[in-house]
Amino acid sequence: MRDGIAGVKITNALGYAATTGERTGAVIDTRGYDAATVVVQIGTVTTANATNYFTVDLYHGDLASGTDGTSVGSGDRIGAAYVVDGTTNADKTIAFGYLGNKRYIHVKVTEQGTASVIAGATAVLGHASIQPADGADLN
């Protein structure tokens, strides 16, 4: 049996918090890794409906600041943008697999109307070119 930590880097992509408006997660540098997965946790959802909702999406770009980030196209990802448009979307976990060739990725949560959601995300970078990978904070 092999552990799943030695070959990956696990990092915070979006702090778990209540969200209204727009939140942009941390810019993740994928350099040195051949696989990137972003796992998003959706918690409590309030007043979400067809006109008041959130979209959770994956962005990529060439700048470490993330300012050139654009939504990742369907050919460069596994998993579509996720719409939180009802309280039944609460307590869900979704994932994005990144297949593109840009160096930097990040998650963005965008509000339409007036709603509230608790959300957070974790990036898992795998297949490190140098082993063992940076790993995770194991306390």
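His 60 sits in strand E5. A strand (E) is a DSSP run of at least two residues, a helix (H or I) is one of at least four, and the numbering starts at the N terminus. This is a predicted model, where local features need pLDDT of at least 70 and side-chain atom pairs count only at pLDDT 80 or more, while totals for chains, interfaces and linings use all residues. Residues are numbered from 1 along each chain as its sequence is written, and side-chain values use heavy atoms, with hydrogens and water left out.

Is His 60 buried or exposed? His 60 is buried, because its relative accessible area is 8%. Buried means under 20% relative accessible area, exposed means over 50%, and partly exposed falls in between, with a 1.4 Å probe and protein chains only.

Which residues does His 60 touch, apart from its neighbours within four places in sequence? Asp 68, Gly 69, Thr 70, Ser 71, Val 72 and Asp 76 are among them. Contact here means heavy atoms within 4.5 Å. With Tyr 98 there is also a polar contact: the side chains of His 60 and Tyr 98 are joined at 2.7 Å. A polar contact is a pair of N or O atoms within 3.5 Å; within protein, one must be able to donate a hydrogen and the other to accept it, and residues adjacent in sequence count only if both atoms are side-chain atoms.

E5 and E10 run antiparallel and are joined by 9 bridges. Two strands pair if DSSP finds at least two bridges between them. In this pairing, Leu 58 stands opposite Val 107 of E10. Tyr 59 has a charge over its ring: Lys 108 lies over the face, at 4.6 Å from the ring centre. That label needs NZ of Lys or CZ of Arg within 6 Å of the ring centre and within 35 degrees of the ring normal.

E2 (residues 23-24) is joined to E10 by 2 bridges, and the two run antiparallel. There, Thr 24 has Lys 108 as its bridge partner. E3 also runs antiparallel to E10, with 2 bridges. Asp 29 is paired with Tyr 104 in E10.

A salt bridge is a side-chain nitrogen of Lys or Arg within 4 Å of a carboxyl oxygen of Asp or Glu. How many are found in the whole structure? The search gives 3.

Take Asp 29 to start. Its side chain meets that of Arg 103 in a salt bridge, at 2.8 Å from N to O. Asp 29 is in strand E3 (residues 28-29) and Arg 103 is in the loop between strand E9 (92-98) and strand E10 (104-112), so the pair ties together parts 74 residues apart in sequence. Arg 103 is partly exposed, at 31% relative accessible area. Asp 29 is partly exposed as well, at 29%.

Lys 102 is partly exposed at 27%, and so is Asp 62 at 46%.

Arg 77 and Asp 57 form another salt bridge, with the closest N and O atoms 2.7 Å apart. Arg 77 is in strand E7 (residues 77-78) and Asp 57 in strand E5 (residues 53-61), so the pair ties together parts 20 residues apart in sequence. Are these residues buried or exposed? Arg 77 is buried, and Asp 57 is too.

Strand E7 also pairs with E9. The two run antiparallel, joined by 2 bridges. Ile 78 has Gly 97 of E9 as its partner. E9 pairs with E4 as well, antiparallel over 7 bridges. Gln 41 stands opposite Thr 93 of E9 there.

Thr 47, in the loop between strand E4 (33-46) and E5, has a positive phi of about 55° although it is not a glycine. Asp 91, in the loop between strand E8 (82-84) and E9, also has a positive phi of about 55° without being a glycine. Thr 47 counts as partly exposed at 48%, whereas Asp 91 counts as exposed at 67%.
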